[in-house]
Amino acid sequence: MTLRLYDTSARQIRDFSPLVPGCVSIYLCGATVQAAPHIGHIRSGLNFDIMRRWFAYRGYAVTFVRNVTDIDDKIIAKSAEQGRPWWAIGYENERAFNAAYDGLGCLPPTYEPRATGHIPEMVEMMRVLIDRGHAYAADGNVYFDVRSYAGYLALSNQELDNLLQPSGEGETGKRDPRDFAMWKAAKPGEPAWMTPFGPGRPGWHLECSAMAHKYLGSAFDIHGGGVDLVFPHHENEIAQSKAYGDEFALYWAHNAWVTMSGEKMSKSLGNSVLVSEMVKKWRPIVLRYYLGGPHYRSTIEYSEESLREAESAFGRIEGFLQRAGELVGETAPAPEVPAAFAEAMDDDFSVPQALAVVHTTVRQGNAALGESDKPAVATAAAEVRAMLGVLGLDPLDPSWASEGGSSSELTSAVDTLVRLVLDQRQAARERKDYATADAIRDELKRAGLAIEDTPSGPRWELSGE
Ligand SMILES: Nc1ncnc2c1ncn2[C@@H]1O[C@H](COP(=O)(O)OP(=O)(O)OP(=O)(O)O)[C@@H](O)[C@H]1O
Ligand SMILES: [Zn+2]
């Protein structure tokens, strides 16, 4: 079975054929660290985390680069506004991004380069492009001459003649208004690096071309980012890198947005929900299920209601694993995921179809629980854990152990306490002191615990009320 993925460039699903057999190299445009992350940013990181996990499951050695854009107009504006150096804004928000990625179970990238650590590589790229007539310096800026590269706008399927691309502030000396800045001349008081073209700072597009080249070479497998990056960011990266002589990315993958009232969730639009706020209300693993569950090319319109649905859907899976554990003890994940799950993931990372297989297995497992069919329960639990593991959603995986509310240590401590209380209730019942028994039950209910009497004794779970 071949893994297939949608290639924005080809505008269709293609078989994945790696550049180097057994290896996959991915470059994902990461955070511009001007503010703390909202759930849209983390959706992007998460979608690509699921992809890389699936590649790893399929036996590929994955090199995953996710950059940090630590200098840009908005960071400079914030620095002036707050009277703090630009790097103070950058480092602080980079930490916030990493806390969010880690908190939602994204594996760390193989390399996480910061733009400002790669100025010499950018200068060298500009030098070559100027030598070859693809770029020119003007008023301390360096521009890419879009007419010099015939493939310009192929990714976004636009015509250059129809393109209205206004010049940014201070972008003087352009030969064509559609030429884009690779390097921006320093303005008074702004951070600047010395180059043969004068002091200035990098443009966003140049950063990614230079870092992708440094860490992944002149050709690599997959370039990713949010769908908003197709134009101009990725078009401009392609123009620079290909004109420089790189083959660049063989596949382009773009995640859809998290929206609010149909609009892209965006720091700049002010309609964003910060990850740091969300994790106060929702368990991180539930957030991961919510953001990673829909297909990466489908929009997620943010709503509390859909979050609650995700919570209860995930609760059904988790509830099964818990009951299975009570009957057969903790089961290790199966060495392989069921074929239908693998088929869904091979088909352009179709997580919704893959999750449908998880839910079917949970239903079968629940039926087996009803019949106390221990081998069938154990098989279902092992398969569910294997599938969840690939999606980074196995609640029994030690990586989720510190998660508030679901940590296995915390759960087992609560379990011990609840059982003590339930023993008291049982003792009250045995001496026919029903008033005390009921009072204990009501007290547990007020504490948010639902008690169910089963043939094998009382069970408890968080009622979520
Ligand atoms: N609402 C969103 N939904 C999905 N992906 C998003 C969303 N917003 C940003 N991204 C993606 O997150 C990654 C990091 O984005 P970046 O830091 O450049 O933010 P941005 O697009 O400037 O955000 P904002 O619009 O909030 O300022 C990019 O790949 C971007 O496409
Ligand atoms: Zn980029």
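Predicted model: local features only at pLDDT ≥ 70, side-chain atom pairs only at ≥ 80, totals over all residues.

**Ligand 1.** I found 20 residues around ligand 1. Gly40, Gly226, Met265, Ser266 and Lys267 come nearest. Next I looked up which elements give two or more residues to this shell, and they are helix H1 (39-57) and strand E9 (219-226). H1 gives the most, with four residues. I then sorted the shell by class. It has 10 polar, six nonpolar and four charged residues.

**Domains.** I looked up how the protein is divided. Domain 1 covers 4-255, domain 2 covers 284-400 and domain 3 covers 409-462. I also noted the separation of domain 1 and domain 3. Their centres, taken over C-alpha atoms, are 56 Å apart.

**Helix pairs.** For each I wanted two values, since two packed helices are described by the angle between their axes and the distance between the axes.

*H5 and H6.* I started with helix H5 (residues 204-216) and helix H6 (residues 230-244). The axes of H5 and H6 come within 9 Å and cross at roughly 55°. The two helices are therefore oblique to each other. H5 passes H6 in a right-handed crossing. On the H5 side, I listed Trp204, His205, Leu206, Cys208, Ser209, Ala212 and His213. H6 brings His233, Asn236, Glu237, Gln240 and Ser241 to the contact. By class, I get seven polar, four nonpolar and one charged.

*H8 and H9.* Then I turned to helix H8 (residues 284-292) and helix H9 (residues 304-328). They pack at an angle of about 110°, with their axes 9 Å apart. The angle makes H8 roughly perpendicular to H9. Their crossing is right-handed. From H8, the contact takes Val286, Tyr289 and Tyr290. From H9, it takes Leu307, Ala310, Glu311 and Phe314. The contact of H8 with H9 has six nonpolar residues, no polar ones and one charged.

*H9 and H12.* I stayed on H9 and looked at its pairing with helix H12 (residues 374-390). These axes come within 10 Å and cross at roughly 135°. That makes H9 oblique to H12. H9 passes H12 in a left-handed crossing. I wrote down both sides. H9 uses Ile317, Phe320, Leu321, Ala324, Leu327 and Val328. H12 meets them with Lys374, Val377, Ala378, Ala380, Ala381 and Val384. The class count is 11 nonpolar, no polar and one charged.

Which peptide bond is cis, with omega near 0°? I found that it runs from Phe231 to Pro232. Pro232 lies in H6, the helix that packs against H5.

I then checked Asp139. Its phi is near 55°, a positive value in a residue other than glycine. Where is Asp139 found? I located it in the loop between strand E5 (135-138) and strand E6 (141-144).

Notes
Residues numbered from 1 in each chain as written. Chains lettered and ligands numbered in written order. Axes fitted to C-alpha atoms, helices over the stretch in contact; angles between N-to-C directions. Parallel < 35°, antiparallel > 145°, perpendicular 65-115°, else oblique. Left-handed = near helix turned anticlockwise from the far one by under 90°. Contact = placed C-beta atoms within 7 Å. Nonpolar A, V, L, I, M, F, W, Y, C, P; charged D, E, K, R; others polar. Near = placed C-beta within 6 Å. Domains from an automatic or database assignment.
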